[in-house]
Amino acid sequence: MPATVVVGTQWGDEGKGKFTDLFARDQHLVVRYQGGHNAGHTLVVDGVSFKLQLVPSGILYPHITPVIGNGVVVDPRVLISELDMLESKGVDTSKLRISGNAHLILPYHQELDKLTERRLGKNKVGTTKRGIGPAYADKAARVGLRVQDLLDPKIFRQKLDVVLKEKNAIFAKVFNQLPLDADVIADEYLNLCAPRLAPMIGDSVGIVHDALEAGESVLLEGAQATFLDLDHGTYPFVTSSNPIAGGACVGAGIGPRYIDSVVGIAKAYVTRVGAGPFPTELTDEIGDALIDIGHEYGTNTGRRRRTGWLDAVMLRHSVRLNSLSELAVTKLDVFDTFDTIKMCVAYELDGEIFTQLPYHQSVVHHVTPVYEEFPGWKCDISGITTREELPAEALAYLVALEAQVGVPIGLVGVGPGREQYLRFNV
Ligand code: GDP
Ligand code: IMO
Ligand code: MG
């Protein structure tokens, strides 16, 4: 049976959680394939809001097996508090499975993330300070601890002692900081976290393949987004994993032949948290309106998001990088009161027009967007459930977007609630 990837097409917070939850209704497994608790995926079901960081967005359905794949970096303390939060809201979390090959985030990763950002000063990335970059760096350097090490205290301690020695030397010599204590870390991870998580730790690759071979459907949930991708994003202002669709194969342990659909989630405008280029950024009252109406504050860190007009040049690149089958557009309702809506269809620099993303980032830093303007619809679309009910102006904006980007729009979100969407192309 096929696998579907849900991927962010911009700089994150497009509404991946909402649509993953919606798609999960017809799936068997939902697998998170990368990232960690830098993600914040919000689901609103029957007026109740769920903010997920590590747990896959299918968790709310009893028929779904949610899987944290090998490509994720897991802070077990955060995972446990997320499970507690879900249980307190009546959600059964017992079906969650965590890959033994996923890497652990340890307290020194978080410290290093904070200290590195501080040292970078005005050049900082603006990370979530969750330890994501340092944990993936240790994975690549082959000194990481994995989730399966929680099940073997001797190995956990051996690895921790070796790596902590090096980290403490860095804390002392580079950052003039006090060392961390291996006993404290081992006690928290092995005595508090391990017993709680042990029944959930297992062979995620086996689980995914057993499902596929049994004809079940698998949804692969991306975190972050295409332009935060370590290889293809606006480096160095990126995360340290590969959110693009190709990352789903690595982070879930399947080959590309299983993937038959890639849904790119695109907000009807663009937001970004943290530093880095943003050609269509608005720093005026329109940008403020997008923040206020769209509630554009980080799910996770509470930071005010940067906002701008939708950028079709970026989306065209996202279509290429992810082999998108279709787009799902979110937050169209945020434009309900706007007189005019703009869409960037190309970039201009020194008289040269770019319809594809310039490969050299210095160009991206300096381009001026070329906009097409659309009249607003000036009415509330948050209750609309069919394409036919859309005001002509909203329809025109979406049809123009499809033409610009070259893939169909499957679904359109008109509100945060699970049922607030319409099918655009059936
Ligand atoms: P994710 O990280 O991609 O899952 O997105 P976030 O959850 O961080 O941010 C998206 C925000 O928009 C959340 O607060 C959602 O509840 C909300 N949202 C999602 N889709 C829509 C929509 O179509 N309209 C409105 N108004 N809000 C939406
Ligand atoms: P979801 O899954 C938006 C951004 C950070 C920073 C950069 C690197 O909710 O869309 P990191 O902590 O990953 O090393 O930070 O990436 N970032 C996100 N921005 N949504 C996210 O996740 C993000 N996860 C990381 O703000 O610019
Ligand atoms: Mg988010």
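Figure 1. Helices (H or I, at least four residues) and strands (E, at least two) are DSSP runs, numbered from the N terminus. This is a predicted model: local features need pLDDT of at least 70, side-chain atom pairs count only at pLDDT 80 or more, and totals for chains, interfaces and linings use all residues. Residues are numbered from 1 along each chain as its sequence is written, chains are lettered from A and ligands numbered from 1 in the order in which they are written, and side-chain values use heavy atoms, leaving out hydrogens and water. The shell has 18 residues, of which Gly15, Lys16, Gly40, Thr42 and Asp333 come nearest; a residue is near a molecule or strand if one of its heavy atoms lies within 4 Å of it. By class, the shell divides into 2 nonpolar, 9 polar and 7 charged residues. Here Ala, Val, Leu, Ile, Met, Phe, Trp, Tyr, Cys and Pro count as nonpolar, Asp, Glu, Lys and Arg as charged, and the others, Gly among them, as polar.

**Figure 2. Polar contacts of ligand 1.** Look for pairs of N or O atoms within 3.5 Å, which is what we call a polar contact here. A backbone N or O atom of Lys16 is 2.7 Å from an oxygen atom of ligand 1, and a polar side-chain atom of Thr42 is 2.8 Å from an oxygen atom of the ligand. On Asp333, a side-chain N or O atom lies 2.7 Å from a nitrogen atom of ligand 1. Taken alone, ligand 1 exposes 580 Å², and the protein buries 91% of that; these areas come from the Shrake-Rupley method with a 1.4 Å probe.

**Figure 3. Ligand 2 and its neighbours.** Ligand 2 is surrounded by 20 residues, and the closest are Lys16, His41, Thr128, Gln224 and Thr239. Polar side-chain atoms reach oxygen atoms of ligand 2 from Lys16 at 2.7 Å, from His41 at 2.7 Å and from Thr239 at 2.6 Å. How much of ligand 2 does the protein bury? Taken alone, ligand 2 exposes 550 Å², and the protein buries 98% of that. The shell around ligand 2 holds 7 nonpolar, 10 polar and 3 charged residues.

**Figure 4. An open sheet of strands.** Follow 10 strands in the order β9-β7-β5-β2-β10-β1-β11-β15-β19-β20, with mixed pairing. Two strands pair if DSSP finds at least two bridges between them. At the edges are β9 (201–202) and β20 (421–423), each pairing on one side only. Within the sheet, β2 (residues 29–32) and β5 (residues 65–68) run parallel and are joined by 4 bridges.

**Figure 5. Two backbone details in loops.** Most residues other than glycine have a negative phi, and most peptide bonds are trans. Tyr235 and Pro236 are joined by a cis peptide bond, with omega about 5 degrees. Pro236 is in the loop between β10 (218–221) and α8 (245–252). Lys331 has a phi near 65 degrees, a positive value in a residue other than glycine. Its place is the loop between β15 (326–330) and β16 (340–349).

Terms used. Polar contact = N/O pair within 3.5 Å; in protein donor to acceptor, adjacent residues only side chain to side chain.
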